[in-house]
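Notebook open, viewer loaded. I jotted down what I looked up, in the order I looked.

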Amino acid sequence: MPQKSIRQALNEALRQEMRRDPRIVVIGEDVAGGAGSEGQRDAYGGVLGVTKGLIGEFGEARVIDTPITESAIMGAAAGAAVTGLRPVAELMFSDFFGVCFDQIFNQAAKFRYMFGGKATTPLVIRTMIGAGRSAAAQHSQSPYGIFTTVPGLKCVVPSNAYDAKGLLIQAIRDDDPVIFCEHKLMYDLRCEVPDEPYTIPFGEANIVRDGEDVTVVALARMVHFAGEAAEALAKEGIEVELIDPRTTSPLDEDTILESVERTGRLVIVDEATPRCSIATDIAALVADRAFDALKAPIRRVTAPHTPVPFTPTLEKLYIPSPDRIAAAVREVHGYRK
Amino acid sequence: MPAMQMSREELLGAYRSMTTIRRFEERVQEEFSKGSIPGFVHLYAGEEASAVGMCMHLGPKDYIASTHRGHGHSIAKGCDVVGMMQELFGKAGGLCGGKGGSMHIADLNEGMLGANGIVGGGPPLVVGAALTAKTLGNGHVAVCFTGDGGSNQGTTFEALNMAVVLKLPAVFVFENNQYGEGTGFSYHCGSGDIAGRAGGFGLPAVKVNGDDFFAVHEAAYDAVERARSGGGPSVIEVDTCRFYGHHSGDAQLYRGKDEVKHLREERDCLQHFRRRVSDAALLEEAELNAVDSEVAALIDRAVATAQAAPLPPESALLTDVYKSY
């Protein structure tokens, strides 16, 4: 099977779906780039190249460059979705949701409920998350937890190229608004990805690694950090069961609960800030529904309650590390009541 | 289009639609005061010529987006009045199953994309609806109703610019009723000229007298035809007035002495219409009276139905969040 990067997998998913369904349009700032200039059209293909080449195949009518105007992009995508298109809108950096959240949070997410089930809003919002590039406080956040709090939105956070392709195709075919979060440091990460289109259902976690001692739940880049920690811990005789939920809304609660029922010990790793987050949500879920199985306190390994710092030294401290994850696992593994 | 060029059916249709809106709103005010309608209602009485003059040029497949003051737009676009009244009463048979209420009343089958609780919420959505029409090449147009209050929102500016950039079949109607909630237009609009702003975004714009149905109807014809024939978006500023407060129950302390009395006497678009067609002998007095009776019966039926209708079942709380779970 061919090896592909996440960037290639996403591009392939978009291309295959756009060929299948003429109602799919890509819309956003510099999704092609070069409009209204003397230089090259498709100069960017998305700032990190995910939509490169689509305008050549599908033309300006379906690969729509917009001004830098996030409210109008998100609102146009929502309005187009509810009237018969299937837009894939790009919110370049997820941090920019602050500019345009009304159109997502009050409009697109609520149409179906407010209108008594009569509206269908097949909208995908692709957006970049993640720290680690010294992009500082307004270009490095991971606000999927905020998106997850909104009834009506679905939220996808893939950790590898295989999942990225299958989940993006699922998102495009889904009839609800989906926020699709792509970690900006992972676009070149490669794995085996089939050439043909395929889907991965939402709400089905991936058990990345089986283990009997401690359950670790992690998303996006943290899946890989937790995997590194698990390798090191295995040499110490601690077997980690690593779960990647892949979607935070819907969340595969059963897989997490079943694992904790067996291990009795849980560490949650989350690159986002710690308050009212995915980590607290999963901790609450387990405390509520698997309390009797717990042999140790639940530990959360997260970013601190701070903005993302610029300078690499501090940014490295901000992001949960494999060492911090391993330390948390050791702690809950060694805990005795 | 001058009054003389409209058919009798069109004239009667316009009168029926404007009268339906007026009587609907008067009755909603009455029912709200009695406590039959929960929440908030924002009444459109006084502005009827705008919604009807505009929507007469639209078919069911054309789209509109509306505001918190959305009952008039809904009726003008063809939404079922009995279903609307049930929605306001929060009943299961309402247009939105009682889950939207006055501020979110919508009927996608009639091309009505919803009233909107967010001032400036609608303009970007209309950009999207117009994008659908352009992409599918189906010849439909999208019309955004917003107010003088909404004219100051950033979403509105973004939508105007995007509509020009993408050359979309859209019309933006700014219903200037002189108040954003309780703050006067002369204070809240820096330039004092909404239509004048449009030029800066590259849209042609006209100002029309909202007391005059025929003026609105004519401007709307031009704007809709321009959009439909690929001529791009445009703006209409309608100089209008509201007979009630921002919301039903508003004490309206910001109004001048006798302001509403004056508006009702001098600026009633419905009375102007009736006088105009009567003076020109375009419609008979008896025909107009027959429409009045017909509308009164419809509103009575809507209220009686809404009063008798069942509430949504408790199970409705959890449904319709997602299409698939």
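This is a predicted model: local features need pLDDT of at least 70, side-chain atom pairs count only at pLDDT 80 or more; totals for chains, interfaces and linings use all residues.

What share of the contacts in chain B with a separation of 6 or more comes from residues 24 or more positions apart? I got 74%.

**Chain B overall.** I listed the secondary structure of chain B and found 12 helices and seven strands. Next I checked the overall dimensions: the C-alpha trace of chain B spans about 60 × 50 × 40 Å along its principal axes.

**Helix 2 of chain B.** I went through residues 48–55 one by one. Eight of the eight are buried, so helix 2 of chain B is largely enclosed by the rest of the structure. For the record, the buried set is E48(B), A49(B), S50(B), A51(B), V52(B), G53(B), M54(B) and C55(B).

**Helices 5 and 6 of chain B.** How do these two pack, and at what angle do their axes cross? I have them coming within 8 Å and crossing at roughly 20°. Angles under 35 degrees count as roughly parallel, so I noted helix 5 of chain B as roughly parallel to helix 6 of chain B. On the helix 5 side I wrote down P123(B), P124(B), V126(B), V127(B) and A130(B). These meet T155(B), T156(B), E158(B), A159(B), M162(B) and A163(B) in helix 6 of chain B. By class, that contact divides into eight nonpolar, two polar and one charged.

**Chain A against chain B.** I then turned to the contact between the chains, which takes 38 residues from chain B and 37 residues from chain A. On the chain B side, helix 5 (122–136) and helix 6 (154–165) are the elements that give two or more residues. Helix 5 of chain B gives the most, with 10 residues. I sorted the chain B side by class and got 21 nonpolar, 13 polar and four charged residues.

**Sheet in chain A.** Last, I traced an open sheet of seven strands in chain A, in the order 3-2-4-5-7-6-12, with mixed pairing. Strand 3 (63–65) and strand 12 (247–249) of chain A each have a single partner strand, so one side of each is left without a neighbour in the sheet. Neighbouring strands are turned by 20° against each other on average, direction ignored. I also looked at one pairing inside it: strand 2 (residues 24–28) and strand 4 (residues 86–93) of chain A run parallel and are joined by four bridges. I27(A) stands opposite A89(A) in strand 4 of chain A.

Definitions and conventions:
Residues are numbered from 1 along each chain as its sequence is written. Chains are lettered from A and ligands numbered from 1 in the order in which they are written. Two residues are in contact if their C-beta atoms, placed from the backbone, lie within 7 Å. Ala, Val, Leu, Ile, Met, Phe, Trp, Tyr, Cys and Pro count as nonpolar, Asp, Glu, Lys and Arg as charged, and the others, Gly among them, as polar. A residue is buried if 20 or more other C-beta atoms lie within 10 Å of its own, exposed if 12 or fewer, and partly exposed in between; C-beta atoms are placed from the backbone. Axes are lines fitted to C-alpha atoms, for helices over the stretch in contact, and angles run from 0 to 180 degrees between N-to-C directions. Angles under 35 degrees count as roughly parallel, over 145 as roughly antiparallel, 65 to 115 as roughly perpendicular and the rest as oblique. Two strands pair if DSSP finds at least two bridges between them.
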